[in-house]
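Please read the points with the coordinates open.

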Amino acid sequence: MRSRWFLITWLLAAPVILVAGVQGEEPLTPITSVGIHSLGPVPLDNLAPPAVPPGNPQTSDKILLGKKLYFDTRLSRDNTISCATCHDPAKGWSDAGPTSKGIKDQLGGRRSPPVSNAAYNLLQFWDGRAPSLEEQAKGPIENPVEMGNTHTEMLRTVSDIPGYVDEMEKVFGTRKVTIDHVAQAIAAFERTVVTTDSPFDRFIRGDSEALTPMEKRGLEIFNGKGHCSSCHWGGYFSDGRFHNLGIEPLDPSKPDSGRHNVTKHPKDVGAFKTPTVRDAALRAPYMHTGREGTLEDVVRLYDRGGGLDDANLDALMVPLGLSKDEIQALVAFMTRAMTSTNPEVANVKPVPQSELPK
Amino acid sequence: MRRLHVSLLLVLGILFASPDISQAIPAFARKYGFNCNMCHTVFAKLNDFGQRVRDNGYQMPGQEGREKNVFQTAPPVALRTSTGLIVAHAVSEKGTTSGFRLSGLDLLAAGVMHRNISFLMIYTPRIDEPSADYTGNTDGSNPGQPGALESANIIFSNLAGGGLNIRLGRFEPGYHAFSSKRSIYLLQPYEVYAFTTPNNSFVFDDNQIGLEVTGHFRHGFKYAAGVINGTGASPDNNNAKDFYAGFFKTFGRGDGQSAGQRVGAFAYYGWQPTKLDSLYVGPSGEADGKANMNFYRVGCDLSCNWNRFNLMGMLAYGVDDKALNDLDSSLDYTFSGGFARLDWTALYNNRLVASIMYNWVNAPCYDSERDISAFTGLLRYYLGDWTAVNVALHGEYTYRETGHDNPYREHNLAALIDFAF
C-alpha cells in the first residue's frame, strides 16, 4: 500500500517538477522582458501613440534635426546614401528592393524594413539585433554595404557642419556631436512616422462604411481562416516575434540564419521578425528577401503552408485552403484598407540637400 | 407504439446528450480577438491550427509564456447551447413526433494559468424540464439535463519539447482520432463510439478520469497514451486500471484536420468487474469490484484532405470477455463498426458546410437486433464569423436502421440554431 501511494505521489509531482525544470532551462529573453504589452495575441485595433523612452523625450527641434539627418547623404562614406535612400517615404518608407543598394551599388542581403511605425517594434532589424530605434539608427552608418562609414568619420563630418553643431547645441545643450545624439535625433523623427488613419482604423473607430464589402470579407479572413492575425495582431499588426516561414534564401549556398545570428538558439534558425501589415501595399516586394513580388504572392505562400520544407518551419504554418475569392478579399483588405492616408506621414517631403545645414 | 416511444427516447436521449457531443471554446477567441475560424474549420471542428494549439496546452505554438494567462484576461468563460425543432418518424409504426427543444447548456472555461500549465473545465448545469421529460416525474426531480462536470483537467505541456505533455483529471482521451465532442453533427453520434456492450460500463467516447501523456513531433507523428478508470464520470468500479494508446502520422503539411493526410491506429485495454456484490466502497465512491475480466478495442482511422473536402473514416473492433457476455456466456462478445464521413466547406471563410456520413455497427449474430446502419446528411450555415461569437443555422437528417432481421427504421430531422459566445 505504501508503495502505491509513493507511486501516486510521484505521478502527481512529476509534471510540476518537469515543468519547473523545463522552464529553468529556457529563459524567455528578450521578448518577455519588455513587459506585458508584448503578451499576445491581442485583438486588431487602432495604434496607440508610440512609447517614448525616458532618456530621449520628443521635442520639435529634435524631431526637425532628426529629419534633416535622416535625409542627409553626408552621413555615408561617399555622400551618396542617406537613411531615406533605403527607407524612402515615397516607397512606403522602404525601397524598390528586392534588397537595398548601399554605397558603390553594393547589394544588401535583406529587404529594407519600413521606418513607418517602426517605433512600435519591440526589437529592430529583421533579426531583432537592436533593442531600440536609437540603437538601430547607429547600425547602417557603419555597415560596409550600407553607408560604409565609421561613427568617428561620420561625427567628424557632422561636426564640421556649423549648422548641425548649432542645432545640436539647441537640442542637446552641447556643441559636441556624439553618436548617441545623432541616433536620438533620428529616432525622435522616426517616432513621428506613425500611420493611424487607414480605412481599417476608421472602421475600428466606428465608421462602418470605411471598408468595402470585399475588404470586410478580407478582414474576416485575415482574423479567421487566413490565420494572419495569429502573428499580425494588435494595433501594430505584428507580434514583434520571429518566425521561420521557409523563405528561400537569395543565395542557396549562403542561407541566412536570421534571428539565430543574435540568440544562437536552435529554434531561431531561419526565423525573421514579423513585419507590420500597415501600409504594406506601398512597399512591394515582400519578405526579408524581397522574393514575393505582390501581396497576392505573399498570401499564396501562406496558403501553401509556407515556403521550403525547413526543419525549423514555424508550427503556426499550415496550409490554409483559401479559395481564389478569399485570396482576393485578403489582398483587397491589405491593399486599400490597411493603407494610411495621414497627410503628414504619407506625403512627408524629403528635405532637399540644398536646405540641409551647412 | 413501443417502438415509437423507443424512437422518441432515442432522439431525446441524443439531444440531451448533445452538450456532450460538441464543444468549442470561445473564451480563447475572446482572449485573442480571433474569429472562430482561426482554430475551427467550421465551429466546432478544429482545423490544423486549432489542433496544434490544443496539442500545445491551449497555447499558441512557439509563444509559450508570451501570451496572457487567465489572470491577465477577462474571465475565460463561454457558453454554448442549441435549440430548434426535432422531427422523428418511425417508418413501420407510421408514427411521427415533433417538438421544439433546447439541447442543454455547456459552461466552458479554459486557459493558461502559467507557461505550459493550462486547464479546461466544462460544466453542464442541471436543467429542469419536467413537462418535456415524459419518462420521469413531473416535479423536476428528473431533469432534462443533469448537472455534470464533463471535463476538468490540468495540462502540463512541453515537458520534453512537444514530445511529452501530461493531462490529468477528466478529459477526452486522445485515442479518438475524431472528437465526438467537437463534431459538427448535433444529433447523430459516431455510432461505434456510442455502442455499449452487455455488462460493461465502458463507453468508447466518454470523457474519462485519469492521466494521459501525449506527444507531437515535427515529422507529423503524434501519440497519446493513458491510464484511466474507464468508467466515465462515475467512480472507478474496480482496482484495475484501463490503458490505451493511439498513434497518428500525418503526411504533408498540416495536421490531418484541414490539410495533410493522416492515418492512425489505436488500442484500448480495460477491465470490468463481474462481481459487484459485497463491494467495499471508498470515500470517493470507488468500488473494489471483483473477478475483473478484460475487454479491448482496436481500430484504425484515416483523414484525407483535398481542396475543400475532408474525407474521414474509422474502423473499430471490440471484444469483451465471455464472462461479461450474458447473452451467450460461451463466447466473447465481439463487434465491429465504423464510419465514413465527407465534409465540404463553401463560401468565404467557410460560412457553409455540407457533410454526409455513414455509420454502421455489426453486433454478434445472437445480438443482431443491435446492428446499426445510419445515413446522415448535414447542412450548416454560419450567420457570421464574429470574434468569439458563433451562430449557425443547422439542418440535419438521418435515416437509421436498427436490427438485422426485422430492422427498425426511422427518419430524424432537425432544424436547429447552434450558438456559442
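This is a predicted model: local features need pLDDT of at least 70, side-chain atom pairs count only at pLDDT 80 or more; totals for chains, interfaces and linings use all residues.

The points below take the chains in turn, then the interface, the cavities and a few local sites.

1. Every value here is computed from it, and local features are limited to residues with pLDDT of at least 70.

2. Chain A, overall. The secondary structure is 13 helices and 2 strands. Of its 358 residues, 54% are buried. Among contacts with a sequence separation of 6 or more, 69% join residues 24 or more positions apart. Chain A exposes about 15,800 Å², with 58% of that area on carbon and sulfur atoms.

3. Chain B, overall. Here the count is 4 helices and 19 strands. The chain has 421 residues, and 59% of them count as buried. For contacts between residues at least 6 apart in sequence, 63% link residues at least 24 apart. The accessible surface is about 15,900 Å², and carbon and sulfur atoms hold 64% of it.

4. The interface. How much area do chain B and chain A bury between them? The figure is about 3,900 Å², of which 58% lies on carbon and sulfur atoms. Chain B brings 43 residues to the contact and chain A brings 48. On the chain B side, three arginines lose the most area to chain A: Arg66(B), Arg115(B) and Arg253(B). Together they make up 22% of what that side buries.

5. Cavities. The structure has 8 cavities of 30 Å³ or more.

6. Lining of the largest cavity. Which elements of chain B give two or more residues to this lining? They are β2 (45-46), α3 (48-55), β8 (165-171), β9 (208-216), β10 (221-228) and β14 (309-320). The largest share, 4 residues, comes from β9(B). By class, the lining has 10 nonpolar, 15 polar and 10 charged residues.

7. Asp201(A). This residue is in helix α8 (residues 199-204) of chain A. Is Asp201(A) buried or exposed? It counts as buried, because its relative accessibility is 0%. Asn46(A) lies 155 residues away along the chain, yet the two C-alpha atoms are separated by 5.5 Å. Leaving out residues up to four places away in sequence, Asp201(A) touches Asp45(A), Asn46(A), Leu47(A), Thr195(A), Thr196(A) and Arg278(A).

8. Ser229(A). Look next at the loop between α9 (213-222) and β1 (242-243) of chain A, where Ser229(A) is found. Ser229(A) is at 1% relative accessibility and therefore counts as buried. Beyond its neighbours within four places in sequence, it is in contact with residues of both chains. From chain A these are Pro41(A), Leu44(A), Phe222(A) and Asn223(A). From chain B they are Phe34(B) and Met38(B).

9. Helix α11(A). This helix covers residues 295-303 of chain A. Its buried residues are Leu295(A), Val298(A), Val299(A), Leu301(A) and Asp303(A). What do they pack against? Their partner is α12 (324-337) of chain A. Just after α11(A), Gly305(A) takes a positive phi of about 85°.

Definitions and conventions. Residues are numbered from 1 along each chain as its sequence is written. Chains are lettered from A and ligands numbered from 1 in the order in which they are written. Side-chain values use heavy atoms; hydrogens and water are left out. Buried means under 20% relative accessible area, exposed over 50%, partly exposed in between (1.4 Å probe, protein chains only). Contact means heavy atoms within 4.5 Å. Accessible areas come from the Shrake-Rupley method with a 1.4 Å probe; for residues, only the protein chains shown count as cover. On a 1 Å grid over the protein atoms alone, a cavity is a set of points where a 1.4 Å probe fits but cannot get out, and a pocket is an open set with protein on both sides within 12 Å along at least five of seven lines; lining residues have an atom within 4 Å of a point. Grid points are joined across faces, edges and corners, and a volume is the space filled by probe spheres set on the points. Ala, Val, Leu, Ile, Met, Phe, Trp, Tyr, Cys and Pro count as nonpolar, Asp, Glu, Lys and Arg as charged, and the others, Gly among them, as polar. Buried area is the accessible area (1.4 Å probe) that two parts lose on being put together, summed over both.
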